[in-house]
Amino acid sequence: MDKFKTVLKIVQNQQTSLGFGLVALLTACGEHIFSSVVFKCPCSGWNFSYGMVFLLVPALALLVLGYIMSNKTWKLFTGLCLRKSKFCRFKYFCACGVVFFQITTTAVVAPVSWIAVALLNGNYFECAITGVNVTVFTNHLCDGKSPQCQDELYKFPCGRATNVPQSDRDDVLATIRAESQVLGWLLIASIMVFNLLLICVARCNSPVSYLQLKFWRAYAQRESDLLESYTADHAEKLAERNLKSFFQQMPPDPVTTPPNQAWEKISSLYRFSTRDHYYSILHKYVETFHDPAEARDHRMSSVRSDTANPAALAFVDEGKMML
């Protein structure tokens with residue numbers, strides 16, 4: 001039992017890293033299935049289009065899915081069309097852009113994993129490159145090969161180039177696959193370095209200490225879990241109350257539900273302020289809604305503060321992914 005608790009604690013502490021790792025693993029498995037079962041290079045004039053579609057379109061679909069599954073996306077866009085006057089303010093527009101960039105850095109995990117694994121595998125890239133009809137590139141691939149190499153290059157992935165020696169075909173495909181794998185490793189290295197730089201810059205500009213940041217992240221995750229649980233329980237009680245009142249034809253028992261204004265306030269994006277000590281927008285609401293004067297001060301502060309959160313606090317509004 002103690003070992004199980006230790007493993008569970010590690011999983012909870014590394015939830016974000018494990019989540020990204022799981023997304024990357026599932027994406028790699030999906031790419032392998034597509035490459036081995038679905039993908040069949042046509043070995044015709046469609047080689048380039050066919051290969052690039054399999055390389056890039058699934059990545060685009062995964063990127064869109066990443067946006068859809070992010071709570072932060074819907075916190076940002078829900079009701080945005082009704083706040084046109086506010087959205088037209090330059091500072092608010094820039095703040096929304098920063099938040100969207102933060103969402104994108106999470107959403108690109110799956111697409112980049114797909115492209116990197118596809119390049120390491122080489123099938124899509126091999127099919128696409130053999131369909132490139134650029135003289136400089138075909139000369140590069142067929143340098144020192146038979147004269148028919150350039151004319152039958154598109155047939156190489158299927159092995160139907162009968163007028164080209166097998167050794168020449170194998171050399172060209174090996175070169176293409178090597179170039180694909182080099183691009184794949186360069187993409188992986190570039191993304192890792194870029195991610196490291198983003199983390200370093202975010203932590204360097206963090207307004208709170210390391211231990212407080214650790215506590216803040218734990219609080220945000222726990223609040224998200226409890227909010228989901230409380231929401232489900234309260235909705236069940238309200239539905240049960242209404243059904244009981246309907247079928248028994250009796251007045252309903254009183255059940256307190258937050259008004260629309262309260263829901264709207266806790267659904268907005270959190271803004272960090274050095275004068276406050278709130279760990280979420282919900283924390284801020286419950287601390288201020290009983291005191292009209294303090295609530296008014298914080299409304300004025302929110303109006304003045306259209307800037308986005310520091311990057312180190314990007315996790316505050318994330319919660320759980322939408323499923």
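Reader: How many disulfides does the count come to?

Author: The count comes to 3 disulfides. Keep in mind that this is a predicted model.

Reader: What pattern do the disulfides follow?

Author: Counting bonded cysteines along the chain, the pattern is 1-3, 2-6, 4-5.

Reader: Start with Cys 41. Which residue does Cys 41 form a disulfide with?

Author: Cys 127. The two sulfur atoms are 2.1 Å apart. The torsion about the S-S bond is about 80°, so this disulfide is right-handed.

Reader: Where do Cys 41 and Cys 127 sit?

Author: Cys 41 is in the loop between α2 and α3, and Cys 127 is in helix α8. The pair links distant parts of the chain, 86 residues apart.

Reader: Is Cys 41 buried or exposed?

Author: Buried, at 15% relative accessibility; the cut-off is under 20%. Cys 127 is buried too, with a relative accessible area of 0%.

Reader: Next one. What is Cys 43 joined to?

Author: Cys 43 is joined to Cys 158, S to S 1.8 Å. The link has 95° about the S-S bond and is right-handed. Cys 43 lies in the loop between α2 and α3, while Cys 158 lies in the loop between α9 and α10, so the pair ties together parts 115 residues apart in sequence.

Reader: How accessible are Cys 43 and Cys 158?

Author: Cys 43 counts as buried, at 3%. Cys 158 is partly exposed, at 32%.

Reader: And Cys 142, what is its partner?

Author: Cys 149, with an S to S distance of 2.1 Å. This link is left-handed, with -65° about the S-S bond. Cys 142 is buried at 7%, and Cys 149 is buried at 1%.

Reader: Switching to helices. How do α3 and α6 cross?

Author: Their axes come within 9 Å and cross at roughly 125°. The two helices are therefore oblique to each other. The crossing is right-handed.

Reader: Which residues make the contact?

Author: From α3, Leu 62, Leu 63, Gly 66 and Tyr 67. From α6, Phe 100, Ile 103, Thr 104 and Ala 107.

Reader: How many of them are nonpolar, polar or charged?

Author: The contact has 6 nonpolar and 2 polar residues, and no charged ones.

Technical notes. Residues numbered from 1 in each chain as written. Predicted model: local features only at pLDDT ≥ 70, side-chain atom pairs only at ≥ 80, totals over all residues. Heavy atoms only, no water. Axes fitted to C-alpha atoms, helices over the stretch in contact; angles between N-to-C directions. Helix = DSSP H or I, 4+ residues; strand = E, 2+ residues; numbered from the N terminus. Parallel < 35°, antiparallel > 145°, perpendicular 65-115°, else oblique. Left-handed = near helix turned anticlockwise from the far one by under 90°. Contact = heavy atoms within 4.5 Å. Nonpolar A, V, L, I, M, F, W, Y, C, P; charged D, E, K, R; others polar. Disulfide = S-S within 2.5 Å. Buried < 20%, exposed > 50% of the residue type's maximum accessible area, 1.4 Å probe, protein only.
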